[in-house]
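Dear colleague,

Please find below the structure that I am handing over to you, together with its sequence. My notes on what was found in it follow directly after.

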Amino acid sequence: MKSHSFKKFLLLLLFFTFITATNAFCQKYFFKKYTEADGLVQGTVREIYQDSKGRMWFGTVDGLSIYDGSEFINYQQEDGLTVPIVSGFLEISDGVMLVATLGNGIEVFLKKPYQKDSVIYTIKEKEYIIDPRVNQIKRDKYGNIWICTEVGITKWLFENNSFTKVIHETNFDGLGELQVYNVSFGQNEKVYFATGKGLLEYSNNQYRLIDKEINKKHEPVFYAFIDSKNTVWFSTLSKFYFLKENKFHEFNLQGKSLEAAVNAISERNENELIIGSLGKIIVIKDNRIEVIDEKNGYTEKASLSLFLDREDNLWVGSLEGVSRLNRSSFRFINNGSVVLNNPQLIKTDKQIFLGNSNGLFQIRNFNLARSAEFNQIESFRVIDYLKEGHNNWFATNKGVILINSEKKIIYNELNSLPHNFVYSIAKDLTGIIWILTQGGLAYIKNGVLYNFKTKSESGWKFSDLNCQNILSSTSIRKVVVDSQNTKWITTWRDGLVRIRNDSIYRFTEKDGLKDLRIRSLYLDSHNNLWVGTRFNGVYKYDGTTFFNYSTKDGLSSNWIFSISEDYKGNYWFCTSKGICRYDGKNWIIFGAADGIYGGEILNCFSKDGIVWFNSWEQIFYYLPDATDEQKIKPTVFFKQISLLEDKLQTHEENFLPYKFTPSQLLNIKFKSDPVEINYSNNTIIFEFSGTSYVGEKQVYYIYKLDGFDKNWTEKASRNYVTYTHLPPGNYTFSVYSINRFGERSETAATFSFTILSPFWLRWWFLASIILLFILLISSINYLVYKSKIKEALRIEKIRSKISTDLHDEIGTSLSSIAIFTELVKREGKFKDEKMKEKLERIENTARELVDKMSDIVWMINPGNDTFNDALLKMKDYALNILESKNIDIAFDLDEVEKNFVLPMELRRNLLLIFKELITNAAKYSNASLVRIGLKVINDDSHKIVLVVEDDGIGFDLNLTLNGNGINNIRQRTKNIGGTCKIVSAKGQGTKATVEIPIV
C-alpha cells in the first residue's frame, strides 16, 4: 500500500517536472484588442458569452456590450439595465438571454426577430431567487438552472423542458449561508462550487467542503473548474490547486507557486487547458505547458474571463477591455534585441535564415539569433544564401561571398561581377551558379565567372537586339530553375527572360505580358509560372498563355513582392497592402486586423507546412490547422428592420405576463406570419449581420427580395439595404452571409411581409364600390321604371278618356248623322235624284267614319293592347267581310302569352294591313276560300308573320303593281320596318306574306 502511494507520488512528480521544464517557446501572438475607444461599454470585462446568433456578450462593472463583428450595442442603466454590474449570461431559448447582475437579480433580455435586444423583465422575487446579488447563472446537462448568489444557491428544476419547482440552498455542511462564486459540472454527476469558505462539492444530494486538508482556515475559493478528465481545478487568492484521483496538488510553474488567483479556465477539446491568471495565460497541451505573457504579445495585467467561441477563437476579458486570439492565425517571431534593417527571409533544405543589414541570423524555436557559424559576414547586408554541399554562397550588398572550411572568396566588380549589389543566387541542374545583380546577370561555370558585357561566352542566341543589353547592364532580381533546367529570370522594367540551352528569349507585351516591371517569380507544383508585377497584379503562365489576376479579381494590391504555395495548394501573394491567399475560388486578405503592420510584405515561402513571411518590421508565419479544415459556416440574422416613418410591428406569442414563472422563459415565441405594412409607408430598411470572427471585417452578403428582385445580388460587405416605394404585393427578403473563407451561412435570414394596397384598391373597397354602383343603377332603373309605369298609367288613363270621348261624343254624333240621313231619305220624297244621291253619300261617309272611328277607339283603348286582342279584332273583321261574300275562311292562328303586348303603332299598322288584304280578297278575288295565318316568331328575329292566301282568279302583278291597295300595304309595312311579299298569277290565286319586327 505504501509502495503504491509512493509510485503514484513519483508519477505526479515526473508529470509536473516535465510540464514545467518545457516552456521554451517564445513566439509572439497577435491579440486583437477591443476597448472603450472601439465601442466597448467599459473596460473591466468580467464575463463573456456567445449566443445562438453568434454574437458576443461582454459583462462589465458598468453595463454590458453585444458585439456582432461590426459594432457594439451597449446597455447601461438608462437602457433598462437596472444594475450595471453584470456577472453572468445564460441563453435559455432563441432570443431569450438571462443576464445576472450583482444587486438586482436577473434581467431577461429579449431579441425580437426584427428589433434590437431589450429588457422585458427583472427576476428578483424571493420565490424564484434567494438573493438578488447573483455571481453566476449556469445550466446543467439535464436542463436545470443553477443560480449562485452571495448567500447561497437557487435551483430551477425542469423536466422535459417544463418547469417543476424551485429549491433554495442556504445551509451547507453546517456552515449556514455561503457566498457562492461559481459552479462547474463534472461528468461523474458531481458538482463543484467556489465559495467564500472553500471548495464545495455536491454529490448524492449532499453538500460538503472538501478542501479542508489544504485550506484549514477556510480561505475563499474564487474559481472552480472541472475538465473533461474530471480533474478539479480551483484557485484561492494566492494559490492554484487541482484535485486528481481524490488527491490535492498545488500547481506550479518552473517549481514556483503561481502566487496569483486564477479567474477563468476554458478547455479546448480534451487535451488543451487554457488558464487565465495575473498577467498571463497558461496553456497546458499534451503534457506541455506554454505561458503567454508580455513576451509573447499578451499585455493585459489580469485575465478576468475566458471564452472559446464556435470558431475556436479565444476571447480574454481583462481590466482594460477584451482581446481575441484567433485559433488559426499568424504567429510572430520575437526579434529580441535584433533591429530589423532590410530584412530578407531565406530558406535552405534544413534551416530558415534571416538576411539583415548586419549579417545573417537563424530562426530556432521561434526565436531570432545570430548565426555564429558565419560571423565573418556581420559587416555585410545579406540578401540571399545558397547552401551547396560544403560551399556557402552569400548574396550581399558588396558582392558574392563564398565560404567553406578551406577558403573565403569574394566576387565583385573587380573580378568581372556586373555590380556589387547582388539580389539573388541560384544553382541550376548542371551545377552552374547564377548571380543576379543591380547591373546585370552573371554566372560561374567550372569556377569561371562570366557576364553578358565584358566576359561573355559565344554562342548565345538572343530573341531581340535589346535582350543582351538588358542582361548586361540592367537590374536583374529573381531567378527560377524548372525541371527542364530552364532558367526564368526577371528584369526590373524589361520583362521576363527565359534561358533554355543557348537560346535566350524575352517575353514582352506581344506575348501577353502587359506589365514588364517584374517584382516576383514563382514556379508552382503544377509547373505554372507565376509572375508578379509592379502595376498589373500577377500573371500565371502555363507554357502557352499568360492569365492575369488583379485587384478586380480579389488582390488587395497590384504590386506583388513575393509569391508562394502551401501544402494545401493555396497560393500566397505578398503585396503592398498585406497578404492575399487564393485557393482557386476565393481570395482572402490578411492585414492589420491579423496583426500584420507596415503594409508592404517583402517575402514569403512555404517550408514544412508552414508559410513564412517578413515585412520591414516583422517576421511571422501561418500554420493552417484543423479550424481551416472544419469550414465553419457563419451565422446571419436581422439586427433590425424598420420603416421610414414608423416602427415595424411584429406578432408576439406567449409574451411574459406580469406574473412571472420560469417555464414561460422557454415558451416565448414569435409568429412567422407575414407582417402587413401600410401602403403609405412602403419604404423598408433591412439591417443584418453575419458573425464570423476569423476576419470579422471580411464578412460579405448576398440578398434578394422575392417579388421585386429578379436575381441575387453580387457579394458585398454592406450590411444594410433600403427598398423605397414598393408597390402593393407580397414579398420575402432573404440574406446569406459569407465569411472570408468563402463559406456561406447554413440558412438565410428571411422576412416575409405584405405591402397593403390603398383602401381604394383593396377587394372589399372595390366590391363595395361595385355593390354601390349596382345599387345605384338599380335605384335609377327602379325610379325610371317607376316613372315609366306612372307615365304609362297616365297615358293609359288619357287613352281611355280619349277612347271614351271619341266613342261617346264623335262616334255617337256620326251615328246620329247616318241615322238621320237614312230617316230623311226614307220619309222624304225627293224628285231630284241628285239630292237623293248626295244623301246616300252622306250616309255612307258617316257610316264609314263610324267604322274608322271604331278602329281608332279600339286602337287607343289600353284594354286592347295585347296580341290576343288584335287577334280577335282581326278575326271578327275577316268573318264579317268574307262571310257576306260567301267565302269560306280557314284560320291558322298562334296562341301566345296572355299578356303579350303589342305597341300601339304596330298594332294599328298590322290591323290596317290586314283589313286591306281582306278587303281586296273580298272585292276582287272571286275566291271560295281564304286562308289566314298569323304567327309570332320568338327566335333571334322576333317578328310577326301574317299570311293571307286565296284560291281566286289571281291577277297579273305587272299590271297591277302600282295599284293603291298594294302600294298602301307595302308602304305601311316599310314604315314599321317590315317586309311584304305578294305572289299571284291569273287563275292561280294570290298569296301575301307580311313580316313585321317586334321592337
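Glutamate 388 counts as buried, because its relative accessibility is 18% and buried means under 20%. Please keep in mind that this value, like the others in this message, comes from a predicted model. The side chain of glutamate 388 meets that of lysine 427 in a salt bridge, with 3.3 Å from N to O. Glutamate 388 belongs to strand β37 (residues 382–388) and lysine 427 to strand β41 (residues 422–427), so this pair ties together parts that are 39 residues apart in sequence. Lysine 427 itself is partly exposed, with a relative accessible area of 38%.

In general, side chains of opposite charge can pair when their charged atoms come close. How many salt bridges does the structure hold? There are 30 of them, and two further pairs are described here.

One of these joins the side chains of glutamate 189 and lysine 141, at 3.1 Å from N to O. Glutamate 189 is found in the loop between β15 (180–185) and β16 (191–195), and lysine 141 in the loop between β11 (134–139) and β12 (145–149); the pair therefore ties together parts that lie 48 residues apart in sequence. Glutamate 189 counts as partly exposed, at 44% relative accessibility, whereas lysine 141 counts as exposed, at 61%.

Another salt bridge is formed by the side chains of glutamate 250 and lysine 239, at 3.4 Å from N to O. This pair links distant parts of the chain, 11 residues apart: glutamate 250 is in strand β22 (residues 247–250), and lysine 239 is in the loop between β20 (232–235) and β21 (240–244). Glutamate 250 is partly exposed, with a relative accessible area of 30%; lysine 239 is partly exposed as well, with 29%.

Which residues of helix α2 (residues 465–473) are buried? They are Cys467, Ile470, Leu471 and Ser472. The elements that cover these buried residues include the strands β43 (440–445), β45 (461–462), β46 (476–481), β47 (487–491), β48 (496–500) and β49 (503–507). At the start of α2, aspartate 464 places a side-chain oxygen within 3.0 Å of the backbone nitrogen of asparagine 466.

With kind regards

Terms used
Residues numbered from 1 in each chain as written. Predicted model: local features only at pLDDT ≥ 70, side-chain atom pairs only at ≥ 80, totals over all residues. Heavy atoms only, no water. Salt bridge = Lys/Arg side-chain N within 4 Å of Asp/Glu carboxyl O. Helix = DSSP H or I, 4+ residues; strand = E, 2+ residues; numbered from the N terminus. Buried < 20%, exposed > 50% of the residue type's maximum accessible area, 1.4 Å probe, protein only. Contact = heavy atoms within 4.5 Å. Polar contact = N/O pair within 3.5 Å; in protein donor to acceptor, adjacent residues only side chain to side chain.
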